[in-house]
Amino acid sequence: PAIRHSAAEVKQGKYEEALAIIDQILVIDRDNDYARGARDLVFDRWQLERQQEVADRLVAAGVRSILT
């Protein structure tokens, strides 16, 4: 059930929630293949989403990139 729940959270774009579930799985079974394989991928997606949110807020505020 926890693996399905975390996968459902990922499909809904709820990466932080999925990470919490995956971390719980790893506490119970640190050798769980799904959790070990999925954690880095889900973390990367969560981090990219957060970076995009910050970039969008900066653009909306009229902040220009120092690279352009």
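How exposed is arginine 39 in terms of relative accessibility? It comes out as partly exposed, at 25% relative accessibility (buried means under 20% relative accessible area, exposed over 50%, and partly exposed in between, with a 1.4 Å probe and protein chains only). The model is a predicted one, in which local features need pLDDT of at least 70 and side-chain atom pairs count only at pLDDT 80 or more, while totals for chains, interfaces and linings use all residues. Residues are numbered from 1 along each chain as its sequence is written, and side-chain values use heavy atoms, with hydrogens and water left out.

Arginine 39 is worth a look for its partner. The structure holds one salt bridge (a side-chain nitrogen of Lys or Arg within 4 Å of a carboxyl oxygen of Asp or Glu), and aspartate 23 forms it with arginine 39, the closest N and O atoms being 2.6 Å apart. Because aspartate 23 sits in helix H2 and arginine 39 in helix H3, the pair ties together parts that are 16 residues apart in sequence. Helices here are DSSP runs (H or I, at least four residues), numbered from the N terminus.

Now to H2 itself. Tyr15, Ala18, Leu19, Ile21, Ile22 and Ile25 are the buried residues of H2. Seen down the helix axis, they fall within an arc of 165°, so they line one face of H2 (the arc is that of the directions from the axis to the C-beta atoms). Glu16, Gln24, Val27 and Ile28 are exposed on the other side of H2.

On to H3 (residues 33-60), where phenylalanine 43 and tryptophan 46 are three residues apart, or about one helical turn. The structure holds one aromatic pair, and these two make it: their ring centres are 5.5 Å apart and their planes at 50°, so the pair is tilted. Rings of Phe, Tyr and Trp (its six-membered ring) pair if their centres lie within 6.5 Å; planes under 30 degrees apart count as stacked, over 60 as edge-to-face and the rest as tilted. Phenylalanine 43 is partly exposed at 28% relative accessibility, whereas tryptophan 46 is buried at 17%.

Terms used: Helix = DSSP H or I, 4+ residues; strand = E, 2+ residues; numbered from the N terminus.
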